[in-house]
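Hi,

Here is the structure I said I would pass on. Have a look at it first, and my notes follow below.

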Amino acid sequence: MTGSESPPSFRLAYVPGVTPAKWVRIWNERLPDVPLALLQMPAAEAPGALREGAADAGIVRLPVDRAFFSAIPLYTETTVVVVPRDHVVTAADEVSVGDLADEVLFHPLDDVLGWDSPPGEPAFERPATTEDAVELVAAGVGLLVVPQSLARLYHRRDLTYRPVTDAPRSGVALAWPEEAHTDLVEDFIGIVRGRTVNSTRGRPQAQDRKKERATDRASGNGGGRTSGNGGGRTGGDVRGTGAGAGRTGAGRAGGRGGRQQQGRSGGGSGGGARRGKPRRRS
């Protein structure tokens with residue numbers, strides 16, 4: 001390492017509601033010489049941070065642009081409605097969207113459920129954040145439908161929540177730019193997937209992917225597993241091409257059938273090669 005190079009580090013972005021503490025602890029145990037920096041940011045900003053290189057990987061909310069990102073889905077959250085503790089909804093263990101039809105439901109600008117508008121009566125305005133919407137619920141002017149992790153994150157003693165069985169759900173995934181699949185990213189993937197420290201599945205796979213992408217770019221072909229002339233696993237076997245190739249179908253036919261034909265007929269070049277010695281002239 002030269003004086004101008006900085007020591008390796010790993011930057012992990014994560015969105016509100018996500019708790020990466022367990023994975024961070026395992027990282028620190030396995031890679032104590034590589035600092036892991038946690039970057040919490042709003043769900044809408046995390047993909048941009050990854051695109052710009054401000055983070056190496058992120059635990060984000062789905063969907064993501066799969067043309068740019070690789071992603072490993074981690075889990076899908078239960079959706080709940082946040083209500084005051086004395087609200088009639090608390091009499092049930094769970095509710096449906098139809099049960100909320102007569103309620104005022106807030107739709108914050110940072111909503112992660114992806115619906116155009118929540119059911120029920122629209123609020124007088126859209127709160128800027130989910131946290132602001134929770135404050136309005138506590139004031140008794142409406143309800144809020146969110147992933148369960150956000151209900152827990154902004155928990156208040158005067159509020160509670162109930163599952164909404166048929167509401168949209170939010171998925172959470174580990175994502176990183178496709179072209180930035182580094183060794184450290186692969187290390188974190190292994191931790192998230194529960195691989196042991198001695199697992200054989202890890203960095204070699206990442207290195208193989210790099211080599212495959214480099215080969216594809218250099219050759220201009222679609223890779224070794226595609227059809228066509230450029231791949232080693234294509235329909236045509238390169239060992240069987242060309243005249244006289246002994247292991248192709250034609251070669252095998254020529255090796256067996258050709259000898260039989262030559263032995264049974266006199267036609268063709270070398271046709272008498274198996275007819276024995278020529279007769280002596282008298």
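Which residues do ring pairs link into a cluster? They are Phe-10, Trp-27 and Phe-188.

Before the rest, some housekeeping: this is a predicted model, so local features need pLDDT of at least 70 and side-chain atom pairs count only at pLDDT 80 or more, while totals for chains, interfaces and linings use all residues. Residues are numbered from 1 along each chain as its sequence is written, and side-chain values use heavy atoms, with hydrogens and water left out.

Searching the whole structure turns up 4 aromatic pairs (rings of Phe, Tyr and Trp, the latter by its six-membered ring, with centres within 6.5 Å; planes under 30 degrees apart are stacked, over 60 edge-to-face, the rest tilted). Phe-10 and Trp-27 make a stacked pair, because their ring centres are 4.9 Å apart and their planes are at 25°. Phe-10 belongs to strand β1 (residues 10–14) and Trp-27 to helix α1 (residues 21–30), so the pair ties together parts 17 residues apart in sequence (helices, H or I, of at least four residues and strands, E, of at least two are DSSP runs, numbered from the N terminus). Both Phe-10 and Trp-27 are buried (under 20% relative accessible area; exposed is over 50%, partly exposed in between, with a 1.4 Å probe and protein chains only).

Then there is Thr-160, in strand β9 (residues 159–163). Thr-160 is buried too, with a relative accessible area of 15%. The C-alpha atoms of Thr-160 and His-87 are 9.3 Å apart, though 73 residues separate them along the chain.

Cheers
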